[in-house]
Amino acid sequence: MGHPVGRVAELAGLTVRTLHHYDEIGLLSPGARTSAGHRRYRDEDLDRLQRILFYRELGFPLEEIAALLDDPDTDPRRELRRQHALLTDRIARLRDMAAAVERAMEARHMGINLTPEERFEVFGPEDPERHDAEAERRWGDTDAYRESRRRVSRYTKEDWQRVKARTDDINERLIALLDSGAAPESPAALALAEEHRQQICDVYYACSHRMHTGLADLYIADERFTRTYDLLRPGLARFLHDAIHANARAAGEPG
């Protein structure tokens with residue numbers, strides 16, 4: 001006789017009232033009923049319900065969903081491929097939104113005193129403090145971390161524009177060096193690694209070589225950090241990591 005309405009509601013994460021409504025508007029009518037008139041859903045009904053839920057998740061109105069499902073010219077396989085593409089696109093957009101929210105939370109936590117308009121104007125989708133959540137976990141109790149919070153709380157939009165321009169310049173020269181085939185241990189790479197460390201010192205906190213290599217390890221151990229650099233140029237995270245470690249060794253620090 002099929003599945004009772006309560007069980008279908010449980011499987012689909014819906015209320016019984018919602019399923020009753022779908023039946024009333026002709027969107028999903030159960031394929032059978034008991035002698036007492038109770039709804040019973042067959043496997044093909046569950047298949048239709050799944051397709052309904054796909055479209056509903058994508059924001060389609062119920063009337064349009066019904067028209068799509070009842071169109072005799074609709075190819076179910078083609079529609080599934082279309083739904084898959086739409087859902088994949090939505091997942092990507094939701095991930096971007098979640099990342100933006102995370103960046104905003106971290107920026108607020110770090111005390112960056114910019115309006116939302118200023119944040120977007122300066123950084124766009126980028127996070128000026130993309131390493132600080134991990135830095136807090138590792139060094140949150142240190143004077144260096146407290147100094148970072150104290151500094152950034154005073155920075156203006158113009159200050160952050162200068163920081164971003166300096167960061168972009170270092171990254172562009174790192175990319176050019178990587179593209180040239182230079183080794184991470186080359187003098188030019190060591191100089192850029194040291195410039196990278198010095199920027200952290202100037203902008204955030206006194207970053208020792210030990211702390212610098214700790215950050216560098218994140219660039220290849222954590223996909224979030226790897227992606228930040230490798231979106232600029234594939235292999236850049238590893239190149240910068242190796243250059244930072246080589247620079248620490250050249251300075252007499254473990255690397």
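Helices α2 and α3 are roughly perpendicular to each other in this predicted model, since their axes cross at roughly 100 degrees and angles of 65 to 115 degrees count as roughly perpendicular. The chain has 13 helices and three strands. Of its 255 residues, 40% are buried. Among contacts with a separation of 6 or more, 61% are between residues 24 or more positions apart.

**Helix α2 with helix α3**

- Helix α3 covers residues 43–57, and its axis comes within 13 Å of the axis of α2.
- On the α2 side the contact is made by T18, L19 and Y22, and on the α3 side by L49, I52 and R56.
- Sorted by class, the contact of α2 with α3 has four nonpolar residues, one polar residue and one charged residue.

**Helix α2 with helix α1**

- Helix α1 spans residues 5–12 and helix α2 spans residues 16–24.
- The axes of α1 and α2 come within 9 Å and cross at roughly 105 degrees.
- This pair is therefore also described as roughly perpendicular.
- V5, G6, V8 and A9 of α1 meet V16, L19 and H20 of α2.
- Five nonpolar and two polar residues make up the contact of α1 with α2, with no charged residues.
- L19 belongs to the contact with α1, and L19 also belongs to the contact with α3.

**D23, in helix α2**

- D23 is found in helix α2.
- With a relative accessibility of 13%, D23 counts as buried, because the cut-off for buried is under 20%.
- Leaving out residues up to four places away in sequence, D23 touches L28, S29, P30, R33 and R39.
- The side chain of D23 makes a polar contact of 3.0 Å with the side chain of R33.
- A second polar contact, of 2.7 Å, joins the side chains of D23 and R39.

**R39, in strand β3**

- R39 lies in strand β3, which covers residues 39–41.
- R39 counts as buried at 18% relative accessibility.
- Apart from neighbours within four places in sequence, R39 is in contact with H3, P4, V5, H20, D23, P30, A32 and R33.
- One of these residues, H20, has a side chain joined to that of R39 by a polar contact of 3.2 Å.
- H20 also takes part in the contact of α2 with α1.
- V5, another residue in contact with R39, is on the α1 side of that helix pair.
- R39 and H3 are 36 residues apart along the chain, and their C-alpha atoms are separated by 8.2 Å.
- P30 and R33 are in contact with R39, and D23 touches P30 and R33 as well.

**Helix α9**

- Helix α9 runs over residues 157–180, a total of 24 residues.
- At 1.5 Å a residue, α9 should span 34 Å, and the 35 Å between its end C-alpha atoms agrees with this.
- The buried residues of α9 are K157, W160, V163, T167, I170, N171, L174, I175 and L177.
- An α-helix has 3.6 residues a turn, so residues three or four places apart point the same way.
- G181 follows α9 and has a positive phi, near 90 degrees.

**Helix α9 with helix α13**

- Helix α13 covers residues 236–250, and its axis is 10 Å from the axis of α9.
- The two helices pack at an angle of about 95 degrees, which makes α9 roughly perpendicular to α13.
- L174, I175, L177 and L178 of α9 form the contact together with L236, F239 and L240 of α13.
- The contact of α9 with α13 has seven nonpolar residues, and no polar or charged residues.
- L174, I175 and L177, which take part in this contact, are among the buried residues of α9.

- P184 sits in the loop between α9 and α10, the latter covering 187–203.
- P184 is buried, with a relative accessible area of 16%.
- Beyond its neighbours within four places in sequence, P184 is in contact with A189, L190, F239, D242, A243 and A246.
- F239 is also one of the α13 residues in the contact with α9.
- P184 and A243 are 59 residues apart along the chain, while their C-alpha atoms are separated by 4.5 Å.

Notes:
Residues numbered from 1 in each chain as written. Predicted model: local features only at pLDDT ≥ 70, side-chain atom pairs only at ≥ 80, totals over all residues. Heavy atoms only, no water. Axes fitted to C-alpha atoms, helices over the stretch in contact; angles between N-to-C directions. Helix = DSSP H or I, 4+ residues; strand = E, 2+ residues; numbered from the N terminus. Parallel < 35°, antiparallel > 145°, perpendicular 65-115°, else oblique. Contact = heavy atoms within 4.5 Å. Nonpolar A, V, L, I, M, F, W, Y, C, P; charged D, E, K, R; others polar. Expected span 1.5 Å × (residues − 1). Buried < 20%, exposed > 50% of the residue type's maximum accessible area, 1.4 Å probe, protein only. Polar contact = N/O pair within 3.5 Å; in protein donor to acceptor, adjacent residues only side chain to side chain.
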